Amino acid sequence: MIANYGYMDGSGEYYITIDTGKCTECGHHNCVEACPKGMFAIETDDYDDEVAVIREEFRKQIKYMCAECKPVSDRPPLPCVEACTSGAVTHSW
Ligand code: SF4
Ligand code: SF4
């Protein structure tokens with residue numbers, strides 16, 4: 001499943017997308033430790049598979065929570081994207 005967490009406002013679209021089909025094959029769950037804000041959690045879905053989610057309390061403020069990882073220029077690789085060796089994590093902005 002493709003799960004989108006985030007929102008749209010007057011300044012743009014801010015979504016973190018997780019391809020949970022890849023999470024079910026993931027042996028390490030490194031996204032949880034990699035995010036300096038602790039935004040990722042592992043949950044068991046309806047099919048009894050362990051998948052990554054963005055924690056509820058962060059979903060309405062991801063633009064601000066991720067700002068430190070996203071300087072305007074010379075943006076380094078995002079820790080969450082880099083940690084996910086399966087390529088399950090993408091950001092819309
Ligand atoms: S590291 Fe990637 S594939 Fe593994 S649980 Fe996290 S988001 Fe899913
Ligand atoms: S960009 Fe940074 S703060 Fe945002 S989810 Fe990824 S690691 Fe966490």
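**Hairpin, core and ligand shells**

Q: In this predicted model, which residue in the turn of the hairpin formed by strand 3 and strand 4 has a positive phi?
A: Strand 3 and strand 4 form a hairpin, with five residues between them. Within the turn, a positive phi of about 70 degrees belongs to Asp-48.

Q: Which residue in strand 4 is the bridge partner of Phe-40?
A: Phe-40 is among the residues with the most contacts inside the largest nonpolar core. Its bridge partner in strand 4 is Ile-54.

Q: How many residues does the largest nonpolar core have?
A: Cys-31, Phe-40, Ile-62 and Val-89 have the most contacts inside this core. Strand 2 (12–19), strand 4 and helix 3 (62–65) each supply at least two of its residues. Beyond four places away in sequence, Ile-62 touches Tyr-5, Gly-6, Tyr-14, Ile-16 and Ile-54. The residue count of the core is 19.

Q: Which elements give two or more residues to the shell around ligand 1?
A: There are 13 residues around ligand 1, and Cys-23, Cys-26, Cys-31, Ala-52 and Cys-84 come nearest. By class, the shell divides into nine nonpolar, three polar and one charged. The elements that contribute two or more residues are helix 1 (20–23) and helix 2 (30–34).

Q: Which residue is the charged one in the shell around ligand 2?
A: The shell around ligand 2 divides into ten nonpolar, no polar and one charged. Its residues include Cys-35, Cys-66, Cys-69 and Cys-80, and Cys counts as nonpolar.

Terms used: Residues are numbered from 1 along each chain as its sequence is written. Chains are lettered from A and ligands numbered from 1 in the order in which they are written. This is a predicted model: local features need pLDDT of at least 70, side-chain atom pairs count only at pLDDT 80 or more; totals for chains, interfaces and linings use all residues. A residue is near a molecule or strand if its C-beta atom, placed from the backbone, lies within 6 Å of it. Helices (H or I, at least four residues) and strands (E, at least two) are DSSP runs, numbered from the N terminus. Two strands pair if DSSP finds at least two bridges between them. A nonpolar core is a set of buried Ala, Val, Leu, Ile, Met, Phe, Trp, Tyr and Cys residues joined through C-beta atoms within 7 Å. A residue is buried if 20 or more other C-beta atoms lie within 10 Å of its own, exposed if 12 or fewer, and partly exposed in between; C-beta atoms are placed from the backbone. Two residues are in contact if their C-beta atoms, placed from the backbone, lie within 7 Å.
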